[in-house]
Amino acid sequence: VTLPPGLALRPVRLDDVEAIAAYHHQCWLQGYAGLVPQEVLDALVVEDRIQLWREHLASGAGRTAVVAADDRPIAHVGVELDTIESVYVDPAWWGQRIGPVLLAEGERLLQEDGVTDGVLWTVVGNDRAVKVYEAAGWALDGTVEVHDHPLGFNLTEQRMVKRLR
Ligand SMILES: CC(C)(COP(=O)(O)OP(=O)(O)OC[C@H]1O[C@@H](n2cnc3c(N)ncnc32)[C@H](O)[C@@H]1OP(=O)(O)O)[C@@H](O)C(=O)NCCC(=O)NCCS
C-alpha cells in the first residue's frame with residue numbers, strides 16, 4: 001500500500017490541530033450521516049473538536065500519524081494501547097486508497113509497541129470502513145458495545161480484530 005504522489009506520512013504536530021479538526025468534523029457529517037443520530041451531528045462544533053485534539057495531544061496518550069499534502073494534514077491514524085483508535089480521511093480525498101495506508105501505519109505502530117492482537121471499533125453500519133478493514137485482514141468478532149464519546153453522546157460500535165504477528 002502506497003500513497004498517491006505528493007502525499008507524505010509524518011507524526012502529528014501541535015500546530016496541526018486546526019487542520020485536523022476541520023476535516024475530522026466533515027468526516028463525521030459526511031461519513032456518519034444515517035449512522036449517528038442527526039441531532040448529534042447537528043450539535044457538533046468544530047471548535048470543540050479543536051479543543052479535544054489539543055487535550056489529546058497534550059495528554060501524550062497514544063500516537064497519531066497524519067498524511068499531509070504540502071505539509072497540511074488531510075488524514076490521520078491514531079493508536080492507543082492495543083487499539084487503532086481512529087482512521088479518518090478528509091472526504092475530499094476519499095476513494096484514493098489513503099485509508100489502507102493509514103491502517104497499515106496503525107498496524108506498524110501497534111507492532112512497534114509489541115501488540116500481537118490488534119483491536120479497532122467501528123460504528124455499527126459503517127460498511128464503507130468495514131470493507132476497507134476486511135480487505136486488510138481485519139475481522140468482526142461479534143462484539144457490540146455502547147461507548148461514551150468524549151463529546152458527550154453514546155455510539156454503538158462493533159469490534160474488529162487482527163493478529164499482528
Ligand atoms: C473509511 C475511510 C477511512 C476510507 O478511506 P479511503 O481512503 O476513502 O479508502 P478507499 O479509497 O479504499 O475507499 C474505500 C471505499 O469508500 C467508498 N468511497 C470512495 N469514494 C467515495 C466517495 N467520494 N464518497 C463515498 N464513498 C466513497 C468506496 O466504497 C470505496 O471502496 P471501493 O473503492 O472498493 O468501492 C474514509 O471513508 C473515512 O474517513 N470515512 C469517515 C470516517 C470513518 O468512517 N472512519 C473509520 C472510523 S472506524
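Me: Is Ile50 buried or exposed?
Reply: Ile50 sits in helix α3 (helices are DSSP runs of H or I with at least four residues, strands are runs of E with at least two, and both are numbered from the N terminus). Its relative accessibility is 14%. The class is buried under 20% relative accessible area, exposed over 50% and partly exposed in between, with a 1.4 Å probe and protein chains only. At 14%, therefore, Ile50 counts as buried.

Me: What pLDDT do side-chain atom pairs need in this model?
Reply: Residues are numbered from 1 along each chain as its sequence is written, and side-chain values use heavy atoms, with hydrogens and water left out. The model is predicted: totals for chains, interfaces and linings use all residues, local features need pLDDT of at least 70, and side-chain atom pairs count only at pLDDT 80 or more.

Me: How far apart in space are Ile50 and Ala21, C-alpha to C-alpha?
Reply: In sequence, 29 residues separate Ile50 and Ala21. In space, C-alpha to C-alpha, the separation is 5.3 Å.

Me: What is the accessibility class of Arg54?
Reply: Arg54 is also placed in helix α3. Because its relative accessible area is 37%, Arg54 is partly exposed.

Me: Which residues around the ligand are the closest?
Reply: The shell holds 19 residues, a residue being near if one of its heavy atoms lies within 4 Å of the molecule. By type, the shell has 11 nonpolar, 5 polar and 3 charged residues (nonpolar: Ala, Val, Leu, Ile, Met, Phe, Trp, Tyr, Cys and Pro; charged: Asp, Glu, Lys and Arg; polar: the others, Gly among them). The closest are Val87, Val89, Arg97, Gly99 and Asn126.

Me: Which element gives the largest share of the shell around the ligand?
Reply: At least two shell residues come from each of β4 (83-89), α4 (98-112), β5 (117-123) and α5 (127-135). The largest share is 5 residues, supplied by α5.

Me: How much of the accessible area of the ligand does the protein cover?
Reply: Polar contacts are pairs of N or O atoms within 3.5 Å. A polar side-chain atom of Asn126 is 2.7 Å from a ligand oxygen, while ligand nitrogen atoms lie 2.8 Å from a polar backbone atom of Val87 and 3.1 Å from a side-chain N or O atom of Arg128. Of the 930 Å² of accessible area that the ligand has on its own (Shrake-Rupley method, 1.4 Å probe), the protein covers 75%.

Me: What is the accessibility class of Arg97?
Reply: Arg97 lies in the loop between β4 and α4. Its phi is positive, about 60°, although Arg97 is not a glycine. Most residues other than glycine have a negative phi. Because its relative accessible area is 62%, Arg97 is exposed.

Me: What is the phi of Asp71?
Reply: Asp71 is in the loop between β2 and β3 (72-80). At 43% relative accessibility, Asp71 counts as partly exposed. Asp71 is a residue other than glycine with a positive phi, near 70°.

Me: Which residues of its lining lie nearest the centre of the second largest pocket?
Reply: A pocket is an open set of points on a 1 Å grid over the protein atoms alone, where a 1.4 Å probe fits, with protein on both sides within 12 Å along at least five of seven lines; lining residues have an atom within 4 Å of a point. The lining here divides into 7 nonpolar, 4 polar and 4 charged residues. Of the 15 lining residues, those nearest the centre are Pro11, Val12, Arg63, Thr64 and Ala65.

Methods. Polar contact = N/O pair within 3.5 Å; in protein donor to acceptor, adjacent residues only side chain to side chain.
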